[in-house]
Amino acid sequence: MKDLIDKIKAYLDEGLAGMTVSGPRKSEEIKKYTIRPVLLKKELCFQAAGYTSTQVFHRNLSLSEMEDWLRETLPSFRQVQLRHRDAELTAMISKKGNATVKVKKHQPEIEAPALVRLSHNKEKNYILKEGMDVPFLRDLGVMTAEGKIVRSRYDKYRQINRFLEFIEDVVPHLPRDREITVIDFGCGKSYLTFAMYYDLKILKKLPVRIIGLDLKKDVIRRCSMLAESYGYDRLSFRTGSIEDYRGTEQADMVVTLHACDTATDYAIAKAIGWGAKVILSVPCCQHEINGQISSDRMDPIFDYGILKERFSALATDGIRAKILEASGYETRILEFIDMEHTPKNLLIRAVHKNFPSRDKLEQVESFCRSFSIQPTLLTLMKEEEGRRNS
């Protein structure tokens with residue numbers, strides 16, 4: 001194994017085209033890993049993407065961390081395939097940890113330096129590129145007057161662009177024959193609200209109206225002043241709670257990012273009631289179910305506070321996703337940003353496509369009975385169903 005790791009280390013540089021670790025020796029949750037070089041704050045790192053049957057998880061590793069990762073990971077897999085500018089490596093790993101390694105060297109192509117290519121690829125994938133004149137990024141402290149990203153705000157810059165990638169995916173589902181209405185519940189300082197407007201209205205020239213809502217009056221006042229100073233006449237901000245909001249009778253897309261606890265449930269319920277075509281939600285602080293949940297069979301988890309909290313958070317978001325499916329939405333739970341930045345990294349993406357399904361709602365009800373819980377979103381949906389049937 002040491003010989004294999006040493007050979008792999010020789011190719012961990014900017015010339016690496018990619019590496020795949022596959023063939024889990026046991027029924028592991030991770031079915032395979034792919035490794036690629038990335039530039040993070042001008043330093044060469046390696047992104048490990050772990051694939052389960054339904055999800056992919058990303059982790060960025062320094063060169064020194066990669067050696068530890070290889071030592072821990074490779075014994076659990078059977079095969080390694082590595083492609084480098086200078087060679088190709090294939091390895092088969094036995095049960096005892098012995099590796100048969102084949103290396104086929106070849107002449108490197110004449111091309112631009114790889115670090116330049118990495119930087120170029122990273123930059124061109126961003127929707128809001130460094131060097132662009134983006135006024136709200138300047139005023140919110142993410143970009144300098146010269147168009148350079150402030151190093152201490154680089155994570156925020158990446159988050160904004162990652163969010164816009166999700167917006168790109170759902171744009172085809174929004175109406176094109178009239179003005180699009182977007183509601184951003186719990187908009188806060190509105191980095192992403194301004195980014196949505198800039199992308200949809202300024203760059204894509206779509207007819208769009210965006211409304212941001214938050215409880216903090218001073219934050220809303222500043223955001224309103226900025227929007228007015230940029231001439232963003234179809235971007236407005238309101239002060240108030242999600243539960244009490246009555247500012248529109250229709251919305252095409254509802255966004256709620258880090259709305260705390262049951263505020264996310266009220267946002268989703270309102271979106272469903274409006275018949276919103278798209279819902280994007282990054283839930284936060286899922287406390288409600290943690291205070292209710294009970295099951296003797298789950299004592300090995302529930303006897304430990306942190307495990308009970310995490311189980312409750314996953315259950316909360318699973319219930320939300322299934323209720324969205326029951327309401328006719330094609331729903332996915334995706335990774336928003338890397339776990340190293342925040343544990344609140346799951347995004348619920350729902351696109352309305354189907355008719356409501358009573359069977360899926362009954363799945364939720366059965367699950368809730370099993371754990372003696374009554375989540376707010378389920379209560380809100382039952383109340384709405386009762387109003388429709390009365």
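Which residues form one aromatic cluster?

## The aromatic cluster

In this predicted model, one aromatic cluster is made up of Phe136, Phe194, Tyr197, Tyr198, Tyr230, Tyr232 and Phe237. Across the structure there are 18 aromatic pairs, and two of them are described below.

## Phe194 and Tyr230

The rings of Phe194 and Tyr230 form an edge-to-face pair, with 6.0 Å from centre to centre and 75° between the planes. This pair links distant parts of the chain, since Phe194 belongs to helix 6 (residues 191-203) while Tyr230 belongs to helix 7 (residues 217-230), 36 residues apart.

Phe194 counts as buried because its relative accessibility is 0%, and Tyr230, at 17% relative accessibility, also counts as buried because the limit for that class is under 20%.

## Phe311 and Phe371

Phe311 and Phe371 form an aromatic pair that is tilted, with their centres 5.6 Å apart and an angle of 55° between the planes. Phe311 is part of helix 10 (residues 305-326), whereas Phe371 sits in the loop between helix 11 (358-370) and helix 12 (376-389), so the pair ties together parts of the chain that are 60 residues apart in sequence.

With a relative accessibility of 22%, Phe311 counts as partly exposed, while Phe371 has a relative accessible area of 11% and is therefore buried.

## Lysines over tyrosine rings

Two tyrosine rings are also to be considered together with a lysine. Lys32 lies over the face of Tyr51, at 5.2 Å from the ring centre, and Lys156 is placed over the face of Tyr191, where the distance to the ring centre is 4.6 Å.

Note on methods
Residues numbered from 1 in each chain as written. Predicted model: local features only at pLDDT ≥ 70, side-chain atom pairs only at ≥ 80, totals over all residues. Heavy atoms only, no water. Phe/Tyr/Trp six-rings, centres within 6.5 Å; stacked < 30°, edge-to-face > 60°. Helix = DSSP H or I, 4+ residues; strand = E, 2+ residues; numbered from the N terminus. Buried < 20%, exposed > 50% of the residue type's maximum accessible area, 1.4 Å probe, protein only. Lys NZ or Arg CZ within 6 Å of the ring centre and 35° of its normal.
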